[in-house]
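My notes follow in the order I made them.

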Amino acid sequence: MTKLQWIKYGIIAGLLAATSALAQSTAAHTSSKAPRLVSNAGASSDVLRALDSSFEGVLSKVSPAVVQIMVNGYGHPEDDKHATAQIVRQRAIGTGIIVDSDGYIITNAHVVEGAQRVRVILPSPPSESSLALQPIHAEQVLDAKVLGTHKQSDLALLKVEATHLPTVTLRTDVQVRQGELVFAIGSPEGLRGTVTMGVVSSLARQLDPDSPMAYIQTDAALNPGNSGGPLVDIDGNVIGLNTLMLSEGGGSEGLGFAIPAAIVNFDYQNLRKSGHVQRVTIGLKTQNITATLASGLGLSRSWGTIISDIAPGGAAEATGLQVGDIILAIDGKPILGRPDFINALYLHPTDQVLKIDVLRGIDTRSFNVAVKVYHERIEDLADIPDLQKSLVRRLNIFVTDVDEKVRPVLHSTHSDSGVVVVAQISGPNALETGLEAGDIILAVDRTMLQTTAQLETLVQNLRSGDPVVLQVERKGKLQYLAFEME
């Protein structure tokens, strides 16, 4: 255990000592035992000074490699992100970290989005006097070139013409623990070199179920301008790159998120090599297992991640994996939930076979899957005109059959039958099913659907409290929706 870790855990003892000293201060008025008070107060002060000194040491190790990024470019007005008719000139400020002494810098992709000119401001050298001014000299402001971006992970690689720059190392072998102390360094609102402190609030936080990203959540204060700055542990390891915050008012509310260092390093290596990120796909989709889903499908366990879709003609299908298999491990690493799965798949080399262990029923099976390079594809759902809609009142949805009239605009790849969700009925008493307009309902529990009349009959026979699992196709991919009837 490092000196700083001893101090971290010793701070509690220090605070207890300070509390004891305060109590003895009160007693001193009647017992005249002031010398003991002074001794305890001094010990508490020593602990805090040692803690302060250690924090300074950590920050002095990382801060020289943290830069401010200034961007001039064009984009949509801030008050209308969806505007297509207006483009305005914009300026943005962010943060970056130097990962190679020859001028390679990692930041967020959204920091440099739409950039025409990118400049990097290097930290000023330390001054011997705390009162001395720290001017920005001409040689500290460098023009940067964007070598590549990856919007899905929100990472970008910049290059400045400089050598012998201070760097930080992206440690991919450091275990991040919930509750550990961390520091965020950045330029919130343009204030360079700002440091905030907090803890790791949660690990593998997935904000979007359809995104391959799982973040480190922290309560260290993050504000606009912190994007691209490092999240640092008490040993000075960069464990993540700060990327976003959840806020109602635009300021820090203790809900900050950082991209794990392993993902940052993976993307950095790819962007430096080819200007884009190559990751693998094996032609399947997963989702977390809940108690309701496990009950409805009769699974042997109620936690983990389950295969909800197998792409026709894909590597997973060719290998023999099946919908309903529970994933136990990838490349020998245990998979406890979907974030573990997407992280392992994201980091898997493109030139190596992927080993996957699954639970099928009560049997454990292993497969070697030949991976393919993932290519992003964007699909839009088209409006479905002139439908004969039926109301399934217990599910609060309007539906229609899959037939020759609607099949061409659905782009379905899995089935020639099923029931299409046309619209939802909203309201305070509406049943939360997870269905969305455009979903194709293929099965209720383990009964495959052919018509809307069949769906209505199955739903009418369900009682309040019954677990229900719908298998649906959404944007060409299969998944389960699990809920209880009301």
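**Entry 1**

In which sense do strand β8 and β9 pair, and over how many bridges? I found β8 (residues 194-205) and β9 paired in the antiparallel sense over three bridges. Before going on I noted that this is a predicted model, where local features need pLDDT of at least 70, side-chain atom pairs count only at pLDDT 80 or more, and totals for chains, interfaces and linings use all residues. Residues are numbered from 1 along each chain as its sequence is written, and side-chain values use heavy atoms, with hydrogens and water left out.

Strands (E, at least two residues) and helices (H or I, at least four) are DSSP runs numbered from the N terminus. Two strands count as paired if DSSP finds at least two bridges between them.

I then checked β12, which is joined to β9 by three bridges and runs antiparallel to β9. There Q217 stands opposite F257.

I looked at the side-chain directions in β9 (residues 215-218): Y215 and Q217 point one way, I216 and T218 the other way, and all are buried. Buried means under 20% relative accessible area, exposed over 50%, and partly exposed in between (1.4 Å probe, protein chains only).

**Entry 2: strand β16**

I looked up how enclosed β16 (residues 326-330) is. Four of its five residues are buried, so β16 is largely enclosed by the rest of the structure.

I listed its partners next. Strand β15 (residues 305-310) is joined to β16 by two bridges, antiparallel, with I306 partnered by I326. Strand β18 (residues 354-360) is joined to β16 by four bridges, also running antiparallel, and A329 has D357 as its bridge partner there. Strand β17 (residues 333-334) is joined by two bridges, antiparallel, and A329 stands opposite P334.

The hairpin of β16 and β17 has two residues between the strands, and D331 in this hairpin takes a positive phi near 50°.

**Entry 3: helix α3**

The buried residues in α3 are A261, I263, V264, F266, D267, Y268, N270 and L271. Just after the helix, G275 has a positive phi of about 85°.

**Entry 4: salt bridges**

How many salt bridges does the structure hold? I get eight, with a salt bridge taken as a side-chain nitrogen of Lys or Arg within 4 Å of a carboxyl oxygen of Asp or Glu.

D143 and R117 form one of them, at 3.2 Å, N to O. D143 is in strand β5 (residues 141-150) and R117 in strand β4 (residues 115-121), so the pair ties together parts that are 26 residues apart in sequence. D143 is partly exposed at 48% relative accessibility, and R117 is partly exposed at 42%.

I then followed R474. Its side chain meets that of E436 at 3.5 Å, N to O. E436 is in the loop between β23 (419-424) and β24 (440-444) and R474 in strand β26 (residues 467-474), so this pair ties together parts 38 residues apart in sequence. R474 also meets D439 at 2.7 Å, N to O. D439 lies in the loop between β23 and β24, so the parts tied together here are 35 residues apart in sequence.

E436 is partly exposed at 38% relative accessibility, while R474 is buried at 13% and D439 is buried at 1%.

**Entry 5: single residues**

T107 is in strand β3 (residues 104-107). T107 is buried at 0% relative accessible area, and its side chain reaches the backbone oxygen of T95 at 2.6 Å.

L142 lies in β5 and is buried at 15%. I read a C-alpha separation of 9.7 Å between L142 and I69, which are 73 residues apart along the chain.

Last, I checked L255, in the loop between β11 (238-245) and β12 (256-260). L255 is partly exposed, with a relative accessible area of 34%.

Technical notes. Polar contact = N/O pair within 3.5 Å; in protein donor to acceptor, adjacent residues only side chain to side chain.
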